[in-house]
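User: Please take a close look at the ligand site. Walk me through what surrounds the ligand.

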Amino acid sequence: MINLIQHFAIRNEVGEIRPLKIGHINDSFIVDSKNPGGESYFLQKINHHIFKNVEGLQKNIQLVTNHLREKLKEAGETNIGQKVLQLVPANDGKLFYQDAEGSFWRVYVNIQGTHSYDVITPELSYKAGEAFGNFQFMLSDIAHDELIETIPNFHNIEFRLEQFRDAVKANAAGRLTKTQWLVDEIESRAEEMCMPERLFREGKLPKRINHCDTKVNNMLFDTNDEPVCIVDLDTVMPGFVLSDFGDFMRSAANTGAEDDENLDNIGVNLAIFEAYTRGYLKKATFLTPAELGNLAFGAKLLSYMQTVRFFGDYLNGDTYYKIEHEHHNWQRSLAQFKLLQSQEEHFEAMQKIVFDCRN
Ligand code: GN1
Ligand code: MG
């Protein structure tokens with residue numbers, strides 16, 4: 001591993017290299033500096049079975065981070081090194097390094113003095129809403145064709161349902177017998193859930209540059225608990241704002257965990273929902289009535305989409321997400337579906353919150 005990091009243009013002598021247990025896709029490590037207080041690094045092995053165009057992925061990230069840096073400078077911000085990710089190029093100038101085994105690696109400067117949350121308070125949720133709203137705003141003037149779709153059709157539910165139906169048909173892991181009831185639940189909602197894609201085709205719902213992975217733990221807070229930096233920029237691409245709004249609610253406005261084994265823990269946390277919505281709408285002043293009117297729907301859609309994706313992976317025999325035990329993807333599917341049911345029950349309350357919080 002130490003040999004690996006030497007391929008990057010780092011400025012410090014390397015100390016310990018520690019694996020981090022974050023994310024379901026890439027492998028992450030912190031590379032400490034040998035000198036206490038020195039610059040440290042965030043090393044990642046990119047899952048190139050999922051991100052098939054690594055060069056395009058890295059170019060996207062460079063473009064997005066440069067853009068954000070410019071915006072922050074224009075706004076007179078200081079300490080920008082803490083507020084935007086900074087890629088460290090390889091010694092040959094490329095934004096990644098490919099090792100002898102064909103694996104792809106990248107390095108960021110590690111943003112020290114920050115932390116993230118898996119479970120959040122309403123107060124922090126309000127600040128997170130402002131931060132994600134501002135993030136969308138800062139990226140709103142990047143031309144859509146400057147960015148590639150690092151995973152084509154990533155948040156397109158019509159496409160996700162097609163993949164899911166293929167998984168059901170193939171039943172590769174032989175897991176369908178006991179799980180057919182959830183296939184039926186998914187199918188009974190399929191038409192409703194494809195509504196945003198239909199609105200888009202009719203020219204009634206726009207796409208904007210989205211983060212597309214607005215999980216609560218993709219935001220770094222400083223020692224004063226102020227949000228400083230949004231991380232995990234692998235999937236920044238055009239999409240519906242309801243998607244980013246919904247993914248935050250899916251991960252934060254849940255009284256249980258994403259993969260909670262006790263389904264009784266799971267339900268919508270309306271206090272978090274309200275606080276985030278207030279913060280988000282304060283910054284996202286650019287929304288059309290159709291976008292605003294479908295934010296609460298986005299919360300349902302993202303829980304649904306995640307059920308479809310986890311369950312599809314379970315049926316395929318766990319080929320996409322990292323799992324910690326044999327039936328982990330099934331446990332995740334059940335937990336996400338339970339959240340969806342709770343969101344359905346509370347849909348009117350969620351809609352009312354959005355309308356009460358609008359400017
Ligand atoms: C994956 O990067 P990570 O592991 O936080 C996934 C997201 C899912 C999420 C579910 C590229 O995100 O789309 O919402 O897991 N990322 C990719 O927790 O598929
Ligand atoms: Mg991610």
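Analyst: A polar contact is a pair of N or O atoms within 3.5 Å; within protein, one atom must be able to donate a hydrogen and the other to accept it, and residues adjacent in sequence count only if both atoms are side-chain atoms. This is a predicted model, where local features need pLDDT of at least 70, side-chain atom pairs count only at pLDDT 80 or more, and totals for chains, interfaces and linings use all residues. Residues are numbered from 1 along each chain as written, chains are lettered from A and ligands numbered from 1 in the order written, and side-chain values use heavy atoms, without hydrogens and water.

Start with His 24. One of its backbone N or O atoms lies 2.5 Å from an oxygen atom of ligand 1. Lys 215 uses its side chain: an N or O atom there is 2.6 Å from a ligand 1 oxygen. Asp 232 has a polar side-chain atom 3.1 Å from an oxygen of ligand 1.

Now the whole shell. There are 16 residues around ligand 1 (a heavy atom within 4 Å). His 24, Lys 215, Glu 258, Arg 309 and Tyr 320 come nearest. The shell has seven nonpolar residues (Ala, Val, Leu, Ile, Met, Phe, Trp, Tyr, Cys, Pro), six charged (Asp, Glu, Lys, Arg) and three polar (the others, Gly among them). Helix α11 gives the most, with three residues. Helices here are DSSP runs of H or I, at least four residues, numbered from the N terminus.

Definitions and conventions:
Helices (H or I, at least four residues) and strands (E, at least two) are DSSP runs, numbered from the N terminus.
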